[in-house]
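Student: I would like a close look at a single part of this protein, please, in one connected account.

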Amino acid sequence: MREYLSFYIDGQWVAPVHPATIDVDDPRTEHISGRIANGSADDVDVAVRAARRAFGSWSQTGKEDRLAVLGAILAEYRNRAGDLADAVSEEMGAPPGLAAGPQVNLGLGHLATAIDVLTGFEFDEQRGSTLLIKEPVGVCGLITPWNWPLNQIAVKVFPALATGCTMVLKPSEVAPYSAQIFAEILDAAGVPAGVFNMVFGDGQGVGAAIAGHPDIDMVSFTGSTRAGIEVARNAAPTVKRVSQELGGKSPNIVLDDAEFAKGVAAGVKVMMLNSGQSCNAPSRMLVPNARMDEAIAIARQVASSVAVGDPDDKSAIGPVASRAQYDKIQGLINKGIDEGATLVAGGPGRPDGLDAGYFVKPTVFADVTNDMVIAREEIFGPVLCILGYDDLDQAVQIANDTDYGLAGYVSAADLDAARAVARRIRAGSVAINHAFDIAAPFGGYKRSGNGREWGDAGFDEYLEVKAAVGYAP
């Protein structure tokens with residue numbers, strides 16, 4: 001039973017101003033696995049004051065000082081990798097292979113990327129007699145979700161540190177254990193007091209206080225579009241910078257060519273990763289109508305082969321993270337059936353043999369039309385919708401007919417054809433044949449948010465640009 005009843009503020013573990021706790025479920029068993037302190041606006045205020053005091057000195061450090069701190073974090077992160085993996089498995093049910101692999105390693109990868117970017121980053125640029133100076137934006141409020149907890153913390157904390165910002169982190173109360181260990185890592189690495197602060201709590205009590213705090217200069221939020229709208233509303237009176245990475249309903253256009261079968265199979269596998277709990281999941285697969293039957297057969301075979309809840313199977317998926325998420329997914333699966341989509345695999349209820357835990361059957365719907373609820377709303381579970389198209393113009397039109405624009409995918413043997421389609425998809429990132437680049441900018445169009453994270457683009461979110469005119473003769 002884990003108990004994390006303190007916050008990390010000003011280089012120390014401190015008790016809440018108003019003692020209160022939140023129970024944390026283990027989604028594999030539906031039993032309470034621990035509890036965390038539940039913060040308030042008063043705790044946020046204490047943390048912000050610490051971050052403001054530390055900003056004066058940390059913002060003036062040079063690259064070498066910041067690189068030394070990031071290097072120390074890297075060593076401590078590696079030392080605690082096993083603890084981080086255990087925490088992720090317990091808080092969100094990730095199978096051991098996923099927890100120790102992508103869940104932990106993405107955080108490590110973003111740290112290594114931040115070190116690499118900072119090493120070559122230029123904070124000053126001479127343009128004629130004007131010097132452009134990139135300065136840290138100030139005290140940052142960082143609000144992160146539960147689905148890829150370490151990844152989302154890493155893409156905010158490490159660029160903020162590298163650019164000279166100080167910060168207050170609110171991790172998800174659904175998946176707080178890995179954040180606790182993350183804070184312990186930064187403490188052990190010697191991050192100066194007040195530079196990094198962490199307050200547990202829910203969105204109403206802590207998230208809203210961060211977004212609205214007058215002495216926070218920038219808030220970076222990852223989560224649902226609904227919650228992102230509330231963050232923006234709370235931030236508006238103080239005119240602070242708001243960076244948001246929100247929901248998605250990403251299209252995956254599979255072209256009619258020699259690798260059609262491979263493209264369909266890959267799309268199903270990627271969709272099921274992390275139990276479908278990825279904002280950029282390829283949840284709408286677009287295939288030629290003439291090959292719909294073939295796509296259905298492939299998707300049924302691949303989805304039916306996905307193991308659920310088997311800790312010894314490295315390709316298995318775990319439960320979804322919470323009862324609320326499970327109930328939402330079940331409701332949308334039933335909605336798809338009611339709307340008349342063809343249920344190809346999976347369906348309502350838990351997989352056979354699993355009587356407890358928030359496990360969802362790997363589910364595939366075919367003959368989906370883009371006006372159906374299951375094609376419009378983000379399901380955030382292992383549920384794939386297959387839609388048909390007659391030609392590529394129609395495929396692109398369907399792909400772009402969404403409120404979201406976080407990601408897109410194109411699967412094809414013909415690289416030139418895939419490139420042409422990728423250019424036409426309105427999304428912040430488009431992966432050809434499921435390529436991956438940890439240094440590429442990540443963020444969305446439309447209701448998927450604003451701003452970019454990852455790589456050098458992630459640094460820009462935490463920098464102001466000052467023009468020193470007449471700086472040089």
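Student: Taking the boundary between domain 1 and domain 2, how many residue pairs are in polar contact there?

Tutor: Please keep in mind that this is a predicted model. Between domain 1 and domain 2 there are 11 residue pairs in polar contact, both residues of each pair having pLDDT 80 or more. Helix H4 (residues 96-120) gives the most to the side of domain 1 that touches domain 2, namely three residues, and by class that side has nine nonpolar, six polar and five charged residues.

As for the two partners, the domain assignment gives domain 1 as 2-246 + 448-469 and domain 2 as 251-432, and their centres, taken over C-alpha atoms, are separated by 31 Å. Where they meet, 20 residues of domain 1 are in contact with 24 residues of domain 2, and the area buried between domain 1 and domain 2 is about 1,800 Å², with carbon and sulfur atoms giving 58% of that area. On the side of domain 1, Glu30, Trp146 and Ser448 supply 29% of the area buried against domain 2, more than any other three residues.

Glu30 deserves a separate look. Side chains of opposite charge can pair when their charged atoms come close. The count of salt bridges between domain 1 and domain 2 is two, whereas a search of the whole structure finds 24. Glu30 forms a salt bridge with Arg350, in which the closest N and O atoms are 2.8 Å apart, and the side chain of Glu30 also meets that of Arg323 in a salt bridge, again at 2.8 Å from N to O. Because Arg323 lies in helix H11 (residues 323-339) while Glu30 lies in the loop between strand E4 (21-26) and strand E5 (31-37), this pair ties together parts that are 293 residues apart in sequence. Glu30, Arg323, Asp327 and Arg350 are linked in a network of salt bridges.

Arg49 counts as partly exposed at 42% relative accessibility, as does Asp45 at 27%.

Key: Residues numbered from 1 in each chain as written. Predicted model: local features only at pLDDT ≥ 70, side-chain atom pairs only at ≥ 80, totals over all residues. Heavy atoms only, no water. Salt bridge = Lys/Arg side-chain N within 4 Å of Asp/Glu carboxyl O. Helix = DSSP H or I, 4+ residues; strand = E, 2+ residues; numbered from the N terminus. Buried < 20%, exposed > 50% of the residue type's maximum accessible area, 1.4 Å probe, protein only. Domains from an automatic or database assignment. Contact = heavy atoms within 4.5 Å. Buried area = accessible area lost by both parts, 1.4 Å probe. Polar contact = N/O pair within 3.5 Å; in protein donor to acceptor, adjacent residues only side chain to side chain. Nonpolar A, V, L, I, M, F, W, Y, C, P; charged D, E, K, R; others polar.
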